[in-house]
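Trainee: Could you walk me through this one before I start on my own notes? I'd like to ask as we go.

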Amino acid sequence: MKTNRREFLRTASAGAAALGLAGKIAAAETKAGAEKKAVKAAETFPVHLVGPGRRKMMWPIKSELKSVRIKHDAPIDPVSWAYMKELRENNKTRVIYPVNPYVEVYTLRKNLFGLFTHNLDGGGDVWMFLTVGPEKALLIDTAYGLGDLKGLCDKLTGGKPLYVANTHEHFDHAYGNARFDKIYCHEYLAPYLAQQNPHMFDYLFDDYGDNIWVEFDRNDLPKFKKYEIAGVPDGYKFDLGKGYEIELMYQGGHSAGHACFIDKQNRIVFTGDNIIVDTSGCGTVNAPGRGPHGEEQLLSAYRKNLKRLVDRGADFDWVYPSHFMIDVDKSALTNEMEAIDAILKDPNDYDFWDASWGKSATAPAGRYMKHINQFSVVYYGYNKG
Ligand SMILES: [Zn+2]
């Protein structure tokens, strides 16, 4: 029987198997399985502190990207890191095009490119996804827009007209929007995108103007501009020509305006940040967001939307999160729903508490964690009041 952890062999080690690494990966997987049974945060995140507040990085990943990671703010789950190391060092489809030296391009399906780039702040690195239809293409998310993202898309699509859409508004998904003239999103997301401003990149630099988390040339950030924001309703279909459609489905949870995208042709759903193998943050028990439609960030609201997605399972087999492991079996969504049900039944019945999270912590600091069967963990806010 397939599991999601095993599924990573299929993507990550196209090529690694021939190098005799499959055994090593399988061993790592078994170890990871054992770790999942442990409920101590320390065992789930075996990361050591080096000096005050600084966390040691995991095994280095070789890459020719122009950007170089200085530090992470939060420890990364070892299985996620191992997956990325295998993928980035051994996947035979990886290309870095001169037009944009900040993006590793992976061919994931005949007409689907994964665009991997550094998260310029202390969070996990990011995927953008470019699907090329018969007449048009769709880019999902723009990360920080470091380097010529539009030029790269044109190169990959052969210059086809391009739709650009966001899963949600967070820095690492939408700050590259200014590279384009028009951005699509769920209508609840529009007011959040409208808040982007010329100073939004300032936090990436310290008082001396030096890069804090990732080394890159500041001139390669997009020049801020206002762009057209096209808020669309749940169920909106992007027509890529000759009947090739990709559907936007509203999700909420991680962000009030969060959407996922269903590509029936490739049998894939692009889920953004609502499910991630490292840690899935998809809402709080009782602390709604403070912006418009903030109540959609309650776990109870996300649970309804996740059920709608699970019920569409006839249209897809594979889940593509925006961080770390991709091409995940869709059973992860059902398993996430079960974890959420358990949380809602008794928020105090968490598996462990991760006190180490805190970069932008608002009350309560730290995070409650609940395991997702065969996948990873949900973290959730819960105000005991
Ligand atoms: Zn996010």
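Predicted model: local features only at pLDDT ≥ 70, side-chain atom pairs only at ≥ 80, totals over all residues.

Trainee: Okay, and how do strand 11 and strand 12 run, and how many bridges join them?

Mentor: Strand 11, which covers residues 245-250, and strand 12, which covers residues 259-263, run antiparallel and are joined by five bridges.

Trainee: What's the order of the open sheet of six strands?

Mentor: The order is 10-11-12-13-15-16, and the pairing in this open sheet of six strands is mixed. Strand 10 (237-239) and strand 16 (328-329) stand at the edges, and each has a single partner strand, so one side of each is left without a neighbour in the sheet.

Trainee: Remind me, what do strands of a sheet pair through?

Mentor: They pair through backbone hydrogen bonds, and the arrangement can be either parallel or antiparallel.

Trainee: Switching to the open sheet of four strands, what's its order?

Mentor: That sheet has the order 14-19-18-17, again with mixed pairing. Its edge strands are strand 14 and strand 17 (352-354), each of which pairs on one side only, and the twist from one strand to the next averages 35°.

Trainee: How many bridges join strand 17 to strand 18?

Mentor: Three bridges join strand 17 to strand 18, the latter made up of residues 367-371, and the two strands run antiparallel. Within this pair, F352 stands opposite M369 in strand 18.

Trainee: And which strands does helix 9 lie across?

Mentor: Helix 9, residues 331-345, lies across strand 14, strand 18 and strand 19 (377-381), and the helix runs at about 35° to strand 19.

Trainee: New topic: what's the phi of A143?

Mentor: A143 has a positive phi of about 50°, although this residue is not a glycine. A143 is found in the loop between strand 5 (137-140) and helix 5 (149-157).

Trainee: Is A143 buried or exposed?

Mentor: A143 is buried, because 28 other C-beta atoms lie within 10 Å, and the cut-off for calling a residue buried is 20 or more.

Trainee: And H293, where does that one lie?

Mentor: H293 lies in the loop between strand 14 (280-284) and helix 8 (299-310). H293 also has a positive phi, of about 60°, although it is not a glycine.

Trainee: How many other C-beta atoms does H293 have within 10 Å?

Mentor: H293 has 20 other C-beta atoms within 10 Å, so H293 is buried, given that 20 or more is the cut-off.

Technical notes. Residues numbered from 1 in each chain as written. Pairing = 2+ DSSP bridges. Buried ≥ 20, exposed ≤ 12 C-beta atoms within 10 Å, placed from the backbone. Axes fitted to C-alpha atoms, helices over the stretch in contact; angles between N-to-C directions. Contact = placed C-beta atoms within 7 Å.
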